[in-house]
Amino acid sequence: MLLLACEGVIPRFDVALFADTGWEPRAVYTQLAKLTRIADAAGIPVRSVSAGNIRHDALDPNSRFATMPLHVRNPDGTKGMARRQCTGEYKIKPLKAAARELLGYPHPARVPRGVFAEQAIGISVDEVHRAKDADVRYLRNVFPLLDLGMSRDDCAGYLSERGFGDTVKSACVGCPFSGNTRLRWLRDNDPDAWQDLLDFDTAIRHGSPHATARGNPLRGEFFIHRSLQPLGEVDLIPRERGHLTVVEDDPDGCSPWSCRSGAPAEPATSVEDAERAA
């Protein structure tokens, strides 16, 4: 969408926002820097917003606690997932806060009725069911890819034609929704991130230190990989079945808007935002 806006195919953005969790693969930050140069030349500022470093916060008992959807082996042997709060805390909240600031009404100022920003969201025609209205009055969601009739394949072709054919998904290095394909990519292309992820997977085995620090220890064992095995012991290689190579379907990844993996993210709405939406 940012490239389309730079080329004038869709209306030019006043600003492009990137919600940075602080724990993206190196390739994502490289892509962001390249896009920023292109956008600057087109007169569109790119701004990163952040609520902190999600990896640091998850392991620091003195920091804010927002649970990740880690895979859990319960004491009775059953499998589960921890509640997902990370998308709301590290993506939706900082994006909403930035929108309020750009409108000139940072929290706790009240945004007057009728004052709003249009928020362009990149949902393609093959996922039209994900297109939803904003949950606050000061944002109006628009969907340029739907207006252009662009599919996911159309987007991939458009990116390839402009030198972005190797674009990787934006998602935390330690996202528990990562499938084997993405994990192999991290292992083979970003060894520093891979080692960081192995260390994190070991550190969270008995839950976040926040729980113990608050006198309410978590029960069970926690894992990055859905197999409930230590990540360093997981076989990430596609399996051969006869003459076919069988590859596990990967989860779709994380998005602030109508999340594509797992249950919908919990809304990251402040009390004031809830009043505004009412």
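Predicted model: local features only at pLDDT ≥ 70, side-chain atom pairs only at ≥ 80, totals over all residues.
Biologist: Thanks! What share of the residues is buried?

Modeller: Of the 278 residues in the protein chain, 41% are buried. Buried means under 20% relative accessible area, exposed over 50%, and partly exposed in between, with a 1.4 Å probe and protein chains only.

Biologist: Let's look at H2. What span should it have?

Modeller: Helix H2 covers residues 26-41, and its 16 residues should span 22 Å at 1.5 Å a residue. The expected span is 1.5 Å times one less than the number of residues. The end C-alpha atoms of H2 are 23 Å apart, which agrees.

Biologist: And which residues of H2 are buried?

Modeller: Val28, Gln31, Leu32, Thr36 and Ala39 are. They sit on the same side of H2, because they cover an arc of only 140° around the axis, going by the directions from the helix axis to the C-beta atoms.

Biologist: What do those buried residues pack against?

Modeller: Helix H1 (2-6), strand S1 (16-19) and strand S2 (46-49) are their partners; contact here means heavy atoms within 4.5 Å. On the face of H2 turned away from the buried side you'll find the exposed residues Thr30, Arg37 and Ala41.

Biologist: Which residue with a positive phi follows H2?

Modeller: That's Gly43, with phi near 80°.

Biologist: New topic: how many salt bridges did the search find?

Modeller: The whole structure has 11, counting a side-chain nitrogen of Lys or Arg within 4 Å of a carboxyl oxygen of Asp or Glu. In one of them, Glu7 pairs with Arg162, and the closest N and O atoms are 2.6 Å apart. This pair links distant parts of the chain, 155 residues apart: Glu7 is in the loop between H1 and S1, and Arg162 in the loop between helix H6 (152-161) and helix H7 (180-189).

Biologist: Where does Arg73 find its salt-bridge partner?

Modeller: At Glu221, with 2.9 Å from N to O. Here too distant parts of the chain are linked, with Arg73 in strand S3 (residues 71-73) and Glu221 in strand S7 (residues 221-223), 148 residues apart. Arg73 is partly exposed at 28% relative accessible area, and Glu221 is partly exposed at 28%.

Biologist: What about the core? Which residues touch the most other members?

Modeller: In the largest nonpolar core, which has 26 residues, those are Trp23, Met68, Trp194 and Leu197. Such a core is a set of buried Ala, Val, Leu, Ile, Met, Phe, Trp, Tyr and Cys residues joined through side-chain atoms within 4.5 Å.

Biologist: Which helix gives the most to this core?

Modeller: H8 does, with 5 residues. Helix H3 (54-59), helix H4 (86-103), H7 and helix H8 (191-203) each supply at least two. Apart from that core lies another, of 14 residues, including Ala5, Ala16, Ala39 and Ile44.

Biologist: And what is Met68 in contact with, leaving aside neighbours within four places in sequence?

Modeller: Its contacts include Trp23, Ile54, Ala58, Cys86 and Phe200.

Technical notes: Residues numbered from 1 in each chain as written. Heavy atoms only, no water. Helix = DSSP H or I, 4+ residues; strand = E, 2+ residues; numbered from the N terminus.
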